[in-house]
Amino acid sequence: MNNKEIHVSLKTARLLKQAGFNVPCHEYYMRKKSWVFLSRDKRDHNALPGDAYSRPTMSLALRWLLYERHIHLYADFDPYWQKWYYVIRPISNSDCCNLDSGPAYLTCEHATEAGLQQALRLAIA
């Protein structure tokens, strides 16, 4: 089992910035390429001018989505098909249904990343 923290992709980092993510992080992406920089201080890199995008861990991005945007996202495994899916659940009194993923994913991480991108698109809209 791999206990290494998984960070969001550049595409997800861009969506997080559009959605208002402002949690301090040590790492960030710069420019239009997937260059990763480490910062000595934790800071909100999304507040920097230009093409800087905070690079949070997947777990931090999921917590932010839950507590700030009130959207619960989780990955679910189908043992029959041996595939992963994501489930997006808006948390409010008016929303009572889930938005499941269309395609199946081979890993929990891929399903979670795809679900995070879809949930952020919903939060931005």
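The following exercises, each with a worked solution, concern the predicted model shown above.

Residues are numbered from 1 along each chain as its sequence is written, and side-chain values use heavy atoms, with hydrogens and water left out. Because the model is predicted, local features need pLDDT of at least 70 and side-chain atom pairs count only at pLDDT 80 or more, while totals for chains, interfaces and linings use all residues.

**Exercise 1. Overall architecture**

State how many helices and strands the chain has, and in which pattern they follow along the sequence.

*Solution.* Begin with the elements, which are DSSP runs numbered from the N terminus: helices are H or I with at least four residues, strands E with at least two. On this basis the chain has three helices and six strands. Next, read along the sequence; the pattern is α-β-β-β-α-β-β-β-α. Then consider burial, where buried means under 20% relative accessible area, exposed over 50% and partly exposed in between (1.4 Å probe, protein chains only). Of the 125 residues, 34% count as buried. Finally, turn to contacts, defined by heavy atoms within 4.5 Å. Among contacts between residues at least 6 apart in sequence, 47% join residues at least 24 apart.

**Exercise 2. The largest nonpolar core**

Identify the residues of the largest nonpolar core that touch the most other members, and the elements that give two or more residues to this core.

*Solution.* A nonpolar core is a set of buried Ala, Val, Leu, Ile, Met, Phe, Trp, Tyr and Cys residues joined through side-chain atoms within 4.5 Å. The largest one has 26 residues, of which Val 8, Leu 16, Trp 64, Leu 65, Leu 116 and Leu 120 touch the most other members. Two or more residues come from each of helix 1 (10–19), strand 1 (25–30), helix 2 (58–69), strand 4 (71–78), strand 5 (83–90) and helix 3 (108–124). Helix 3 gives the most, with six residues. As a local example, take Leu 65: leaving aside neighbours within four places in sequence, Leu 65 is in contact with His 70, Ile 71, Leu 73, Leu 116, Ala 119 and Leu 120.

**Exercise 3. The pairing of strand 4 and strand 5**

Describe how strand 4 and strand 5 pair, and which residue stands opposite Phe 77.

*Solution.* Two strands pair if DSSP finds at least two bridges between them. Eight bridges join strand 4 to strand 5, and the two run antiparallel. Phe 77 stands opposite Trp 84 in strand 5. The structure holds four aromatic pairs, in which ring centres of Phe, Tyr or Trp (its six-membered ring) lie within 6.5 Å; planes under 30 degrees apart count as stacked, over 60 as edge-to-face and the rest as tilted. Phe 77 and Trp 84 form a tilted pair, 5.0 Å centre to centre with 55 degrees between the planes. Phe 77 counts as partly exposed at 32% relative accessibility, as does Trp 84 at 22%.
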